[in-house]
Amino acid sequence: MQIIRNFWITCLFVSMASSCQLTGNEDTKPNEQPATGNIDKVKLLQLVNNLRQQGCTCGTTAMPAVSAIAWHDLLEKAAKGHSQDMYDKKYFSHTSQDGRTMSQRITNAGYVWTFCGENIAQGYANETAVIEGWKNSEGHCKNIMKAEFKEMGVGKVGDYWTQVFGTR
């Protein structure tokens, strides 16, 4: 069963304090497809930047075009680590079973951020399918289109996908 969890977090660090906004929680279940373990970073970045440069409609919200996003290896590391953890422990959540949050995982990967966000999905076979799934989910789509995000990384283990966004 393929699932996209529509639950996103945007965090802003101001001095030593943080402020986070949590929104939504909706599952999307597209057609089942077999999963593989490798990703094509160039294709993922191209698919995301095509959406960002064209603009799109996320749910009922028209999102204007925004600047392209860059790949960052530390965000990929955080994303792959979360996908690996979900795969190994057979769960699907933005919060790790040991209580770690997306922002903690990104920090632990060594990425120093001011804004961060995360999309997760399960069951998609390839880059095109998972990006299309996220595009068709309002919260995920808004994460992809968020102008504040400047970099991203994606990790896939089994059929668990994590997309992490950040701005340094």
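In this predicted model, Asp-85 touches Tyr-91, Ser-96, Gln-97 and Arg-100, when residues up to four places away in sequence are left out of the count. With one of these neighbours, Tyr-91, the side chain of Asp-85 makes a side-chain polar contact at 2.5 Å. Asp-85 belongs to helix α2, which covers residues 73-89, and its relative accessible area is 11%, so it is buried, the limit being under 20%.

Asp-73 is also found in helix α2, but its relative accessibility of 52% is over the 50% cut-off, and therefore it counts as exposed. From Asp-73 to Ala-109 the C-alpha to C-alpha distance is 9.5 Å, although the two are 36 residues apart in sequence.

The structure holds 2 aromatic pairs. In the pair of Tyr-87 and Tyr-160, the ring centres are 6.3 Å apart and the planes stand at 80°, so the arrangement is edge-to-face. Because Tyr-87 lies in helix α2 and Tyr-160 in strand β10 (residues 160-167), this pair ties together parts that are 73 residues apart in sequence. Tyr-87 is partly exposed at 33% relative accessibility, whereas Tyr-160, at 6%, is buried.

Phe-149 and Phe-165 form a stacked aromatic pair, with 5.1 Å from centre to centre and 15° between the planes. Phe-149 sits in the loop between α5 (138-145) and β9 (151-157) and Phe-165 in strand β10, so that the pair links distant parts of the chain, 16 residues apart; both residues are buried.

Returning to Tyr-87, Lys-90 lies over the face of its ring, at 3.8 Å from the ring centre.

How values were computed
Residues are numbered from 1 along each chain as its sequence is written. This is a predicted model: local features need pLDDT of at least 70, side-chain atom pairs count only at pLDDT 80 or more; totals for chains, interfaces and linings use all residues. Side-chain values use heavy atoms; hydrogens and water are left out. Helices (H or I, at least four residues) and strands (E, at least two) are DSSP runs, numbered from the N terminus. Buried means under 20% relative accessible area, exposed over 50%, partly exposed in between (1.4 Å probe, protein chains only). A polar contact is a pair of N or O atoms within 3.5 Å; within protein, one must be able to donate a hydrogen and the other to accept it, and residues adjacent in sequence count only if both atoms are side-chain atoms. Contact means heavy atoms within 4.5 Å. Rings of Phe, Tyr and Trp (its six-membered ring) pair if their centres lie within 6.5 Å; planes under 30 degrees apart count as stacked, over 60 as edge-to-face and the rest as tilted. A charge sits over a ring if NZ of Lys or CZ of Arg is within 6 Å of the ring centre and within 35 degrees of the ring normal.
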